Each structure stands twice: as structure tokens, then as C-alpha cells.
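Good morning, and thank you for making time for this item. I would ask you to look at the structure on the screen while I go through it.

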Amino acid sequence: MKKVNALILTGFGLNCDTETAHAFELAGATSHRVHINALISGKVALEDFHILALGGGFSWGDDHGAGVIEALKLKNHIGRALLTFVDQGKLIIGICNGFQALVNLGLLPGLDRDYTRRSVSITFNDCGNFRDQWVHLAANTQSPCVFTKNMETVDYPIRHGEGKVIADPQIIDTLLAGNQVVFQYADAAGVPAKGAFPLNPNGSLEDIAGICDPTGKIFGLMPHPEAYTHVTNHPDWTRRAQVLKRAGKSLDQEMTIGVKLFKNGVDHIKDAFFK
Amino acid sequence: MISCIEIALKQELKDAEASSLIKKARSYFGIKIQSARCIHIVTIESDLDGHQLEKVKDDIFTNPVSQVSSLTPLDIDFHWCIWVGFRPGVKDNPGATAMEAIKDHLGKSFGPGEGIYTSKRYCLKGDTLVRGDVEKLASELLSNSIIQQFKVFSQGEWDKTIGADVKPAKVVLDHTPCFEVVSIDSDAQLAEISDQRNLALNPRDIPVIRAYFLDPTVLASRKTMGLSQPTDIELEYISQARSDHCNHNTFRGIFRYTDADTGQEIVENSLFKTYIQEPTLKLKSEKDWVVSVLWDNAGVGRFDGDTNYVVTGETHNSPSNMEAYGGAITGIVGVYRDPMGTGLGSKLFMGSFGYCVGDINYNGPLRPPLHPRRLLDGVIEGVKDGGNKSGVPTTFGQTLFHPGYMGKSLVFVTALGIMPSQVKGRPSHEKKTSPGELIVMSGGRVGKDGIHGVTASSESYSEHTPAGHVQIGDPYTQKKMQDFLLICRDEGLIPFITDNGGGGLSSSIGESAMISNGCVVWLDKVPLKYEGLDMWEIWISESQERMTIAVKPEHLDRFMALSAEHEVESTVIGEYTDTGKLHIKYKEETCAYVDMDLLDKGFPSWEFDAIWRSPETRGLTEPVIGSPANFNPLVLKLLERPNISSKEWIMRQYDHEVQGGSVIKPLVGVKHNIPSDASVTRPVLTSQKGLAFSQSLLPWYSQIDAFHMMTCTIDEAVRRLIAVGGNFNHIGGLDNFCWPNIGFDPKKNPDGKFKAAQLVRACRALKYACETYEIPLLSGKDSMYVDGHLEGDCGERMKVSALETVQFSATSVIEDVSKCVSMDPKVAGDLVYVLGTTANELGASEYYESFHKIGLNVPHVDFEKNKVVYRALQRTIENELVASCHAVARGGLAVHLSYMTLAGGMGLDIHLSDLPMDRRRGELLNDTLLFSESAGRFIVTIAPENKGVFEKWVKGMAANCVGSVTQDHDHLKIFGLDREAVLDLSMTELDHAFNKTFGDMI
């Protein structure tokens, strides 16, 4: 059986690479943590991989807008390779800082398959501060996004100071109409937060937590699925375990909804490339 | 050419930074701003042409969706404009990354004289604003004169074409580097030089230093290098090495301890050896999980068969009191270098904080360098940026308020790392330097940072004088360095590594060269931030983000290639030798040549007089407070008190789950807003094992007796670990002492002898507690001068001392994290137990403090009895009998039952009459039972069907069922000794009180 190769970027202040690599491994892929400069120098070739993950962190300290310099560096040095990667139908996921980089690269939202135009911005939280908080997300079941197949509501943590998704109203409308809005901040029942803090932790327009390109193969989200790879990551796990125990059951030790997201991507590659 | 790019958010977008300014201006100073906008300014001094400037403006500095920008001042309307920029030499992190971005984008290199500087201006609108208000905001909210400068413009003063007229904040030192030879003809002369040069040499060290340099053999040896009398760099080296910071002279000093009540006198020869080293080494020999203690940058314990964990903690008090943000970020980023420099280097996997500050609403006459409110804001933000940008989760932290900390606030930072136990078949906790290995400095460059600490603050500034004494940590540079060094470690390229912190190269090379027994250092090779530093400045500069590494010559190429790939600067600056000499050269000239064993040449110990008077002798008594008639408002009042109420807003700003190993979070309960007893983290993602971590701070008890402060603090830290599922057989300790000055002076420090006695007693308690609970001290630090001299209304200076404080941190390894327990009651119908006896121990309690009383009955810890209970409780948790568990701490049962009610989101019915009680220390009434802070207690809930088994485990111990969890109501209902209703508070009332004080902070 061929292996799905996932490349997780490292270096320059990025920091969620270890757990993102772990999540891909649990999802059945082979993970490779690769320094941005190793891609640029050609020591590692992007074409050898099926999935590219731009993970969380503070690239270049986020000093001039989150993900801005990372995007510029990638565009300047491997911009063409990235577009080829997209053309080949391979997958790109950007989480938190990586999502910020994807919108600054223009890979998202990729309207009209223009993968260079910056039309969405992810800016400072309305609350005015960095925030670590678990959120409920409602997944758009109509979305073409390959990563969220069969998902309805999920819980992941957000950990950012700049997570408010903004764009011109017509862009937002286009994203909604094209089901490119993949995740929305919601209440426990999956009803969108309608901007209410802290359910919507950053003031994102239309409660947008994640978007994909029209093909569903490029996906960016502010919450961290890679932070939920073990049942004990969820803030309510001790309570859930206790309640289940009284019913003679135990907490499901199988795949968390965090790993599921990565597995959807890995399975898509298997279907598209290995069959 | 100098160009300025101004960047702002588009007018229609919310400016969160400006909103925060408006809010703080109103709540801190009552100044009303109607609207505000913030403009970021990038000042570029370079040869970029107009086209290039446009390109970097548009491509790097402007987001087309959200921002507008211009190479001329943006035309944003205001009544007043405040410009704030850094002083020269202050670390400008965004300036540095801007330079990196431009280099990459344009393929341009920056030459000498070129640079990028960032600053901000704030456009304020408000009809009622006057210059005085605006200057107040500029100086007391938006800038700190130590590191920043500001300008205020009225509408009329503003020139739309030149704007804020920002000049590059660059350092220009018109100085040719040199070293000086110092005459030491007499002790008095050397003492005078020590004063002039801020060497802070101890008078008793001076004859030893002179004797060394006047020794004929030494003179003859030095003559071969062209030296005679000592050079300034040599004296600086000795001064650094002999400082209390590096040498821990206080803890190694001689204490003459007299008990004034009995007249008994005891001489303590070294608190460190007697109370820390001896018990820890004994425990190390008994416990095979203890891997490495007492010599390296951090202690090492075993995590599992293949992995070890590393722990250390320190304080960064003085700098944080001058510049809270800079001090705190430098503190957290600095302590993170310790695990990186332990053994062959570990990977950081968690950190924690402890803040002790004055009353944040203080409005009295004293003027601390920073108001406690502002100080806390800055400290929180510094640790936020430092921790979050390091990619290390901050999983635990406490904030404590007491007026004594207005004299000096305390900022504790703790760091834990993880490393494979073997690297290339060799134990990773061992390291050494060998002759022939190269000395490499990696990371940041060297400037005048941190030289001689705060003494520089009294010097006057010129436009280009570096503000070197307060630093700003750079987590970005350090993160790149850590990524790089971990790869070097795994490739076996590092035989020795240590960090550059206090004392800079002087400490890191001075100490590491003792192992190989010599070194030669080429100071002219050290990369500098700017030219013009003297040799001694390069040698002792505390510029941050640097590690010193030994590299074998055959590995140098590979090491340098990896360094280049990670864009980390690494430079060979010397070589380890076995000549027995510390040999420092600058180009071809020798500027220091001393024996490596110079520091063993009989330097005298420090000496202290310590006089103890018991609390009774000092006149402390229990206050006379009759039993309250109405407990409901009293408990709500306690929940509103700053030390009890929610500090959720602080923890939320810290990424507490990056790296993916979070098991028990710092905030727990149905609403995720109640502080957890401890945190649990899985540092190895493929393992079910977890690392439990807790900290305690109970300095209030020092007001009665620091002995009991210490015992209670350790007991609480241990209970917190047990409460989440910790293993009593594996508890690692970390002691961080912060003590006011103990050196007696009849005028300046009249109570020094008492404070010295308190220190001795705390150390005795430390040993006693560690021996009975079997806690090796994996690491520890001390900060000895936590006093301030604050100016009052009439120009008088008042000494304000912090409480004698110890932050005790504890670690434990949990075999299977799926058995961990959180504090929230989970199922209605569960039974509530209290383990441990409640006694009349309200001395220095939160309850007494709420009436401005201290009292006498400080809690005593019965270690022998407690450990039986803790072991039993551990078994019940391991056997999954416990649904929730919580250690009772500050505020007593009333407060902690309130926390549990809030955490569970369900009602509790509790009967005080069923509590395990101990009447030996006095009468027990409902108020005593509710508010006593007796140690050794837990609140536990269990399923009713586990009653029999649970009670079997705790048979014969102080453990009673005191009530139940209920869904019939959502109140905390407490019934008294006569089973009468004494307290009935709804969830809403409890929640409101708990969040009242800080609930609107974000």
C-alpha cells in the first residue's frame, strides 16, 4: 500500500508542527516536518508530497500582520510549485497562522480559481486580546471541503489574537453561496453564534471559523483540530467519562474528531491518487 | 535616506487596540476619549529607491483588505496625537523582522548605518481632552520612559507633511574599544574602584582579590602575557562570579541564629548544604527516578524508560518593576533557555507563572516606579508574548495581591522540558567540555544590554545613548534557535551547552571552562549589535537569546550548515583548553589571564545575625470576632476579594494547550472558568503518561511564622498534585525564595535579624517537609532583596518590604492520564467527603485579612498523618472510585465548596457537623469550620455505590461523608454544628460574586 505523504512546515517561529505531524500519523499518513528553507533550497521537493500543512504559530513573530511574511516568503520562492501542487489536485490545509498565511498568499478563498488575489483578511479579535478557548463549530454539510466530510458539529480550541475573518460584503456573500464557508462558530447545539461573544470568540463576520477554495481541496481554519488528537484533550472529558461510567460505558478511546479531520484528507488522497 | 511608512486599519473597521486605550483611559484615569485610531509607523533608513519603497509598503506592510498606508503621514483627524517610539538600543523585534522580510523580498542586504525602526502614533478625539490628560496617557499608559520616548501634538501643532518626524532610534557610540589596568595598591583603593565601576565587590572579598594579584607566582605568570595589575575585565569577571545572583552567598552564608525566647544560639554554616543539598542527595540515592540535581541549569527526573523531564524556575523581579512588559517577557524567554541548556538540551513543553503585586486599585500617597495596575497589565502581556510566541503552553499560574508587593512585585516564571534519556547512546543529562573543542555562541548579538542592571537607570540620556539596562526578550529569535539546537543535539553535535543569562559570557564560559580546565576566548569575534563596546562590556553583557555551545572541530561544518538553514547566527569565539587559565584576547592582545581556580582561593562566607522571637512574644493574639449572624453576604464578600475571585482573564490570554498534550487544563468546570488544582500534560504524544504540575504561594502565613508558611506551602502543592491523580511516590520539588533584605543595619534595615531568622526557619521547614513527603528538590533559586523605597507625598522615602515568600512548585508523573480527576462534581446523588481535620487555624487567613486582622493560630501541618491519607486517596483515584477531588486552600471550606459548586454546575448540601474536627488548637464554631485554612484537607465526591469500598480505603483516617451533590436545587447549602441552616447561596449569586471584581477584564 502506498503511503500518503504529508509535509508540515517548520521554522521561523511556527510551532504546532509536532502535534500536526502526530495527527497526520494517527490519520494514516506519513508525516514529514520540513523547514521552510529546505523547501526553498530544493533540499526537499514539494512535488514528493500529497498534503501540505501550514500549521499554527507565530511566523516571523506575526509582527507585521499574522502570516504576512510567511506568505510572502513562500510566494517569492516556491509560489510556482504551490500553484502546480494545487493544479494536481493535492491538498493544502492552513491552521491558525497557516490559515492567515493562505489568505495572504491568495490561495484562499481562490474565487474564480484565482489563487493569487488577497480578498479576505484575518484581523485582530474584537475582544482586543489573544484568547485560548474551546469553541463549538457547525460544519457546513454542503461544503465541497474534503476535510470535513461527514462532520456536523465539532469542538476544537481557538488560540489566537488575530482570528476575525473579514472581507467585502460581496465576497462574503459569494463564499456563503458557494458553500466555501466550512466552519461557523456556534452554540453547543450547532446553531451559529450570530456574533455573540464568547461563542464567536473574535467577532468574525458570519461567525466564519474556516473556509475552503471552490474545489474544497484548500482549507483554512482558525481552530486547532491537531489539539484534539486524544480524548483527554477535550475540556469536558473527565465529566463525560464519569457520566458514561455510571451507564456502564466508557469514553470512546477511538479516533477523536480532531484526527477525523486529518483522516478525511488522507482518505481523499487515497481515493484520488491510489485507486 | 530616511522614509516612514504609516499603516492603519481602514476607517470602517474596528480598531481593537484603540478601543482598549479608550477603555483604560476611562477606567484608570477617568479621561474620556470619544474615538481613537492607532497608526503603525515603519521608519526605514536605507538606500531604497521610491519604487522599492512602494513595493515593500504594498507587499509587506499593507493588507489590501483591511489596511491603508502611505509614505507620507496618513490624514486621520484628531484633537491630539501621541507618538511613541523606542529609545535607541532597545530591542525592536518588529524592526528586526521587517528587515528580514525586506532582505528576502528585495534581495537586498543592509549595510552599516542602515536599519528599520518601528513606532506608533495614536490619534485621539475628545472635546474635553487637554494637554495634561494627553501627556498623562502618553507617559503612564502608552510609554515607559525607561525604554520609550513620546511626543504629543495638538491639532494646531501638527504639520501634515512632516507628521511625527520620526528619526531612527539608532545607537551611535563614538568610542574605540579598550581595556584598563586597575591599580590595587590598597584595599581602600580597590574598594573605591569597586564603587566607581559598580562592581559591588564585597569588602571582605577585596583582600583575597588583592592577595591573588599580588602573589609573585601569579605576577610572573601574568607577565608572560604582558599583564601586571588586574584589568577591568578580570575584576568584572570576579564581580560577576562572586555576586549573590551567581554564587548564592546568602544561602551559603553563616547564620548565627538565636531564639530570643529561650536564649539558645545555633550556628548554621550553610542553609543550602544543610537544608537543600543534603536531603536532596539522600533522596536521590533512594529514588531511582531522580536523574540529575543541584548542578545543571535545571533538575532532571525520569518520565519513562526513554525520556526524562527537566524543570526549573526563577524570578525576574527588579527589571519587571522598572519595565513590566520588558522585564516579564525577558523573564519567561530567559527561563526557557535553562531547560534548553540542561544536559545536552531539552525541548520546552510547558511553563507557568506566579505574580505577586500590590493593590491594583491603590490610590494612596506612595509612588512606586509603576502603579500596581499598570505593572500587572505589563507583566501579563510580557509573559503572554514570551510564552505564546515560544510555542510553549502556559498550563498553570497564580496571581496574588498584597500591599507589601508594592515595594517590589514578584514575577515567578517556571519552565519544563523533555528530552530523550539517551542521545547517540550516551546519557543526555551528562555534558562536558574538553580541550580542543570550540566555543560557539549562537542566537542573538551582543549590545550594552543588562550591564550592571539597574544602576544605569540613574544616568542621563542623550539622543543616541542605549537604554541597555532594561531588555525586551525576543521569543522569535529564540524559537528559531531552539528548533536548530534540538536537531544538533539529535545529530550528536553538542557535547556541552549552557545559556547566557546573568553574567553573560563571563558566567557561561567561565563556568563551562572549569570542566575542561581552561579556555582562550577571542572577544573581537563576538558579533555585536553596534560597534564601540569595551572588552569588559562584551564579556559581561546580558544580551538575551544566546547559548554557549562546545563543538568539536570535526563537527563544525555540519553545525554551521544547520545554523545557516535555520537562519540562526552562530560564531566561533574561542576554544576550550586544559591550561588551567581563563585567557581572554582581543585581536592579538591579552586582556585577561587568570587561574581557573581563582574563585576557590578562600573567599570568605557571608555572615548574618538571626534573632527569632515567637509570635506570642511579638504580641500576636487571636482577634476577638464574634460569630457572624449572616453568613451569606460574608461568603459573597470573600468571593469578591481579589485573591479569591476569578482571574480567568489572565489565563485566557495564554495558550495553554499548544503541543497537543493538554489533559487537565488550568481552568476547569462546566463553564471552564474555575482554577484547577494542578495541570496535567502529556509531553510525549504517543504515551498515556502525564506530567502533573502544581504551585503554591501562601506568603500571608509569614506574618506569623515563616516556618509554617513553608510547611503549608509545600503541603498545598503536594495536595494539588494528588487531587488530579498525582503519584505520591514521585514528587519533585522546586523552591523559589523571595525574601526581603536580611542584612541587619540599625538605620536602613532594623528588622534584618528577624527576617534572617525567618529565612532560617523556612529552610528548616523545607528540609522537614521534603524529608517526610520524600520530595527531592530538583531545582531552586533565590531572590534576596524584595524591598522598595517608595516616595511619598512630601518627598519622604518609605521602605516597603514584600512578605517573606516562597513559591513551591511540584511535579509528578502519572502512569495513565485516563485516570486523572478534575475538581468539578459530576453526577447528582454523589456523596461529598471531606478528608483531613479542620482545626481552629484562622491565623493569617483570608477571613481574618478581610477584617484587617492577622491573628496567631497559623495552620500547622501534620506530615506523618497526612501522608497516610494522601497515599490512600491516591489508591482510590487509581482504582477509579473518585468522581471529583479538590484540595482545600486559601479561604477555607466556604470558598472551596463555592468553587466546587460553580465547577459542577449542581447544588451541594453540606453538614459542618459531620466534618472531621480537631479541637486541640481551640474552639470550633460554624465560622471557624467555614473559614479555617487547616492544611491536609480535600473535598472529594464519589458515586454512592462506591461508598463501601471508598470507606474501606480511608478507614481509621479523618475522612467523613459530609453531604451530597444534588440536582434538586442549584445552591450551595451549608448546615451548621446544630444542623441549622447557616448558608444558602444560589449558583447565580456565587457566580456573580466570583466574577464581580475582574469579570469584565479580557
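Let me begin with a definition: a residue counts as buried if 20 or more other C-beta atoms lie within 10 Å of its own, with C-beta atoms placed from the backbone. Please keep in mind that this is a predicted model.

By that criterion, consider strand 20 of chain B, residues 546-551. Six of its six residues are buried, so the strand is largely enclosed by the rest of the structure. Both of its faces are covered. On one side, B:Arg546, B:Thr548 and B:Ala550 are buried, and on the other, B:Met547, B:Ile549 and B:Val551 are buried as well.

Which strands pair with strand 20 of chain B? Within that chain, B:Met441 has B:Thr548 of strand 20 as its bridge partner. Strand 18, residues 496-499, also pairs with strand 20 in the antiparallel sense, over four bridges.

I turn now to the contact between the chains. Chain B contributes 57 residues and chain A contributes 56 residues. On the chain B side, elements that each supply at least two residues include helix 1 (16-29), helix 13 (372-390) and strand 25 (662-664). Helix 3 of chain B gives the most to that side, with eight residues. The chain B side comprises 21 nonpolar, 18 polar and 18 charged residues.

Finally, the domains. Chain B is divided into domain 1 (2-154) and domain 2 (821-1002). The C-alpha centres of these two domains of chain B lie 52 Å apart.

Key:
Residues numbered from 1 in each chain as written. Chains lettered and ligands numbered in written order. Predicted model: local features only at pLDDT ≥ 70, side-chain atom pairs only at ≥ 80, totals over all residues. Contact = placed C-beta atoms within 7 Å. Nonpolar A, V, L, I, M, F, W, Y, C, P; charged D, E, K, R; others polar. Domains from an automatic or database assignment. Buried ≥ 20, exposed ≤ 12 C-beta atoms within 10 Å, placed from the backbone. Pairing = 2+ DSSP bridges.
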